[in-house]
Amino acid sequence: MNVSILDDYFDTVRTLPCFGKLAGHAVTVWNDHVQDVDALSARLRDTQALVLIRERTKIRTPLLERLPKLKLISQRSVYPHIDVDTCTRLGVIVSSSQHPGTPSYATAELTWGLVIAAMRQIPQQMASLKAGHWQNGVGATLRGKTLGIYGYGRIGSVVAGYGRGFGMKVLVWAREPARAQVRADGFATAASKAEFFEQCDVISLHMRLVEATRHIVTAQDLGRMKPTALLVNTSRAPLIEPDALVNALRSGRPKMAAIDVFEDEPMRDTKHPLLNMPNVVVTPHIGYVSRDEYEIQFADIFDQINAYAAGAPINVVNPDVLANLPAARHG
């Protein structure tokens with residue numbers, strides 16, 4: 001099969017051990033990011049299997065309708081960036097492993113790194129030292145403070161464990177099915193969303209972005225946070241109402257933020273407010289970007305390609321396409 005891999009910024013995928021799973025396929029790897037439909041349709045005109053790295057490129061209807069040879073989109077995790085209904089209509093299978101029970105330890109570790117970096121002002125202290133100055137402020141320790149976990153899934157539960165290991169009190173706000181697991185794991189649950197935002201010293205968001213969670217964190221929620229508190233988001237930017245975080249930081253509640261995700265990615269606007277606020281630590285969506293995590297992810301992605309090539313697709317998120325495939329692509 002003709003396989004195209006998009007958005008491999010540092011040409012990492014071909015260096016992974018699992019890349020050998022694609023032996024026998026004709027593979028093209030693209031190292032830049034392109035969203036223009038004309039450019040993408042030209043690049044992908046002979047592509048039969050398209051590999052996506054998370055949500056870096058949006059695969060929408062205008063592009064899909066210009067890719068008549070496309071048979072399979074293979075990726076991992078959620079797929080809000082793909083027009084799945086259009087894929088079904090056109091006979092394109094979308095395979096995406098949801099990796100049940102397997103957290104992204106890379107994202108959890110980055111989350112905790114951002115917590116420490118922000119609370120101890122590590123980037124700011126580094127910048128001061130490199131500029132020829134010495135200490136430029138006083139940070140805060142974590143022990144004895146309250147860590148808030150908003151969304152108790154695979155990653156949130158791991159971060160909660162990190163907090164406990166650092167001597168923090170852990171308070172969770174999540175849906176009722178998850179709250180039962182929270183209590184079973186020995187953590188406390190907040191009595192209300194308002195209490196959660198009011199009591200926590202550090203709040204870390206750990207939810208998937210679906211319609212039910214879009215803008216779930218409001219300006220009113222942020223306004224309830226302590227004037228000494230930190231908000232961390234390594235999940236998705238649209239979990240927070242547009243402009244609410246910037247305005248909240250300017251008003252002093254919360255005091256700080258540590259952010260790995262943005263509304264538009266890749267985000268190259270050097271004038272973006274979050275990049276120019278001294279009380280914000282930012283990283284360019286690197287939560288899942290580690291060699292170890294890539295190996296796990298792409299092993300699944302390449303297995304999906306080989307399963308399709310063998311005539312037995314796996315992890316199909318649009319199963320209706322299997323019945324419609326012959327008519328949709330060849331009728």
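A residue is counted as buried when its relative accessible area is under 20%, and in this predicted model Trp112, with a relative accessible area of 6%, is therefore buried. Tyr162, by contrast, counts as partly exposed, at 24% relative accessibility.

These two residues belong to a helix pair whose axes, those of α4 (residues 105-119) and α6 (residues 154-165), come within 9 Å and cross at roughly 45°, which makes α4 oblique to α6. The crossing of α4 and α6 is right-handed. On the α4 side the contact involves Tyr105, Thr107, Ala108, Glu109, Thr111 and Trp112, which meet Ile155, Val158, Val159, Tyr162 and Gly163 of α6; by class, this contact of α4 with α6 has seven nonpolar, three polar and one charged residues.

Across the whole structure, a search finds 10 aromatic pairs. Among them is the pair of Trp112 and Tyr162, which is edge-to-face, with 6.3 Å centre to centre and 65° between the planes. Because Trp112 lies in helix α4 and Tyr162 in helix α6, this pair ties together parts that are 50 residues apart in sequence. The rings of Tyr152 and Phe187 likewise have their centres 6.3 Å apart and their planes at 65°, so that pair is edge-to-face. Tyr152 is located in the loop between β6 (146-150) and α6, and Phe187 in the loop between α7 (176-184) and β8 (188-189), so the pair links parts that are 35 residues apart in sequence; both Tyr152 and Phe187 are buried. Finally, Phe19, Tyr288, Tyr294, Phe298 and Phe302 form one aromatic cluster.

Conventions:
Residues numbered from 1 in each chain as written. Predicted model: local features only at pLDDT ≥ 70, side-chain atom pairs only at ≥ 80, totals over all residues. Heavy atoms only, no water. Axes fitted to C-alpha atoms, helices over the stretch in contact; angles between N-to-C directions. Helix = DSSP H or I, 4+ residues; strand = E, 2+ residues; numbered from the N terminus. Parallel < 35°, antiparallel > 145°, perpendicular 65-115°, else oblique. Left-handed = near helix turned anticlockwise from the far one by under 90°. Contact = heavy atoms within 4.5 Å. Nonpolar A, V, L, I, M, F, W, Y, C, P; charged D, E, K, R; others polar. Phe/Tyr/Trp six-rings, centres within 6.5 Å; stacked < 30°, edge-to-face > 60°. Buried < 20%, exposed > 50% of the residue type's maximum accessible area, 1.4 Å probe, protein only.
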